[in-house]
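Reader: Could you walk me through this model, starting with the terms you will be using?

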Amino acid sequence: MISLILTILNDAIFSAIPAIGFAMVFNVPRRFLPFCALAGALGHGSRTLWLYLNLPIEWATFLAAALVGVVTIGLAKKHLAPPLMFAVAAIIPMIPGTYAFNTVIALVQLAAQSHVSPELTAQVISNGLKTVFILGALSVGLAMPSLLYFRSRPII
């Protein structure tokens, strides 16, 4: 149990750093940088927890992005700022760079060969689909709380 807590804390701390960096790139005011770091740490840390509980990475990313969406709506309301100012920097550490990189590398290797390799083809398809589904989970998970919260008509 202590190992899980330390893993989540480590993950949260090291995902807050790129969240702050990307917030600075997006010209977020200095007073809001700690909130971007908090949202990034909370999102990535919760995804790590969901992955520890054996949830697939796509669903774990969806739930973490939804949590970031809910938290950033609260932060935005409290600080009178747009929610996306906090949210975009917070979800960037969850972008699936490794899967996208492996997809491109396998594609290049596949293109360099004179014959089609079933292993490389399977790798391209697997990593490519995982990349697409994780990116979709990030976007839908982040947008859904805003769509429900700022709704002008009843759901039913």
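Author: Gladly: helices (H or I, at least four residues) and strands (E, at least two) are DSSP runs, numbered from the N terminus. This is a predicted model, in which local features need pLDDT of at least 70 and side-chain atom pairs count only at pLDDT 80 or more, while totals for chains, interfaces and linings use all residues. Residues are numbered from 1 along each chain as its sequence is written, and side-chain values use heavy atoms, with hydrogens and water left out.

Reader: Fine, so where does Asn27 sit?

Author: Asn27 lies in the loop between α1 and α2, just after α1. Its phi is near 60 degrees, a positive value in a residue other than glycine. Most residues other than glycine have a negative phi.

Reader: Is Asn27 buried or exposed?

Author: Asn27 is exposed, because its relative accessible area is 66%, where exposed means over 50%, buried under 20% and partly exposed in between (1.4 Å probe, protein chains only).

Reader: Back up a bit, how many helices and strands does the chain have?

Author: The chain has six helices and zero strands, and its C-alpha atoms fill a box of roughly 60 × 45 × 35 Å, taken along the principal axes. Of the 156 residues in the chain, 38% are buried.

Reader: Which residues of α1 are buried?

Author: In α1, the buried residues are Leu4, Asp11, Ala12, Ser15, Ala16, Ala19 and Ala23. Their cover includes α2 (33-52) and α4 (83-91). Helix α1 itself covers residues 2-25 and reaches 35 Å from its first C-alpha to its last, close to the 34 Å expected at 1.5 Å a residue, the expected span being 1.5 Å times one less than the number of residues.

Reader: And why does the span of α3 agree with what it should be?

Author: Helix α3 (residues 57-79) has 23 residues and should therefore span 33 Å at 1.5 Å a residue, and its end C-alpha atoms are 32 Å apart, which agrees.

Reader: At what angle do α3 and α6 pack?

Author: The angle between α3 and helix α6 (residues 118-149) is about 30 degrees, with their axes 7 Å apart; axes are lines fitted to C-alpha atoms, for helices over the stretch in contact, and angles run from 0 to 180 degrees between N-to-C directions. Contact here means heavy atoms within 4.5 Å. The residues of this contact divide into 16 nonpolar, four polar and three charged, where Ala, Val, Leu, Ile, Met, Phe, Trp, Tyr, Cys and Pro count as nonpolar, Asp, Glu, Lys and Arg as charged, and the others, Gly among them, as polar.

Reader: Which residues of α3 meet α4?

Author: On the α3 side they are Val68, Thr72, Ile73, Leu75 and Ala76, and they meet Pro83, Phe86, Ala87, Ala90 and Ile91 in α4. By class, that contact has nine nonpolar, one polar and no charged residues. The axes of α3 and α4 come within 8 Å and cross at roughly 145 degrees.
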